[in-house]
Amino acid sequence: MDKLKSNEHTVWMKVVKKLTADAKSISATTDLKKQRETFKSLSKNTYDLIKVSNPEQPIYKQYCPMADADWLSKEKAVKNPYYGSSMLTCGNVVETIK
């Protein structure tokens with residue numbers, strides 16, 4: 001906590017409980033549909049934190065119109081977590097966070 005900048009700390013305090021709950025929820029079920037729904041929330045809150053953190057390497061916010069959902073990736077190439085192998089490349093980069 002002492003290593004976070006003021007703006008990072010503010011966002012962290014807003015999202016930490018939801019991030020923790022989402023991560024626990026994803027790991028507590030084997031229902032892929034439920035995991036993917038919760039992953040939407042996890043991705044949104046992680047985005048809020050990454051956005052203010054000035055990452056050392058680019059982070060790509062990607063979007064799938066079929067799932068109407070975003071996710072973050074270290075890679076520019078789209079590997080859709082919502083539809084897996086059936087639609088692995090569905091989506092596009094909508095923002096590069098530097």
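The following chat walks through a predicted model, from its overall layout to single residues.

User: Before we start, what should I know about the numbering and the model?
Analyst: Residues are numbered from 1 along each chain as its sequence is written, and side-chain values use heavy atoms, with hydrogens and water left out. Because this is a predicted model, local features need pLDDT of at least 70 and side-chain atom pairs count only at pLDDT 80 or more, while totals for chains, interfaces and linings use all residues.

User: OK, how many helices and strands does the chain have?
Analyst: The chain has 2 helices and 3 strands, where helices (H or I, at least four residues) and strands (E, at least two) are DSSP runs numbered from the N terminus. Read from the N terminus on, the elements run α-α-β-β-β. The C-alpha atoms fill a box of roughly 45 × 30 × 15 Å, taken along the principal axes.

User: And how much of it is buried?
Analyst: Buried residues make up 31% of the 98 residues in the chain. Here buried means under 20% relative accessible area, exposed means over 50%, and partly exposed is in between, with a 1.4 Å probe and protein chains only.

User: Let's do the helices. How do the axes of α1 and α2 cross?
Analyst: The axes of helix α1 (residues 6-28) and α2 come within 9 Å and cross at roughly 160 degrees; such axes are lines fitted to C-alpha atoms, for helices over the stretch in contact, and angles run from 0 to 180 degrees between N-to-C directions. That makes α1 roughly antiparallel to α2, because angles under 35 degrees count as roughly parallel, over 145 as roughly antiparallel, 65 to 115 as roughly perpendicular and the rest as oblique.

User: Which residues make that contact?
Analyst: On the α1 side they include V11, W12, V15 and L19, and on the α2 side they include F39, L42, L49 and V52, with contact meaning heavy atoms within 4.5 Å.

User: Moving on to the sheet, what is the order of the strands?
Analyst: It is an open sheet of 3 strands in the order β2-β1-β3, with antiparallel pairing, and two strands count as paired if DSSP finds at least two bridges between them. The edge strands are β2 and β3, each of which pairs on one side only. Neighbouring strands of this sheet are turned by 25 degrees against each other on average, with direction ignored.

User: What packs on it?
Analyst: Helix α2 packs on the sheet and touches β1, β2 and β3, and the direction of α2 makes about 55 degrees with that of β2.

User: How many bridges does β1 have with β3, and with β2?
Analyst: β1 pairs with strand β3 (residues 92-97) over 5 bridges in the antiparallel sense, and β1 also pairs with β2 over 5 bridges in the antiparallel sense. To find examples in the structure, look for K61, whose bridge partner in β3 is E95, and for Q62, whose bridge partner in β2 is W71.

User: Is β1 mostly covered or mostly open?
Analyst: β1 is mostly covered, as 5 of its 6 residues are buried.

User: What sits in the turn between β1 and β2?
Analyst: β1 and β2 form a hairpin with 4 residues between them, and D68 in the turn has a positive phi of about 50 degrees. Most residues other than glycine have a negative phi, and D68 is not a glycine. D68 counts as exposed, at 56% relative accessibility.

User: Which other residue has a positive phi of about 50 degrees?
Analyst: N54 has one, although N54 is not a glycine, and N54 lies in the loop between α2 (32-53) and β1 (59-64).

User: New topic: which residues form the largest nonpolar core?
Analyst: The largest nonpolar core has 7 residues, namely C64, A67, A69, W71, V78, Y82 and C90. A nonpolar core is a set of buried Ala, Val, Leu, Ile, Met, Phe, Trp, Tyr and Cys residues joined through side-chain atoms within 4.5 Å. Apart from this core lies another, of 5 residues, among them V11, V15, L19 and L42.

User: Last one, where is S43 and what does S43 touch?
Analyst: S43 is in helix α2 and is buried, with a relative accessible area of 7%. Leaving aside neighbours within four places in sequence, S43 is in contact with D70, W71, L72 and Y82. S43 and L19 are 24 residues apart in sequence but 8.8 Å apart in space, C-alpha to C-alpha.
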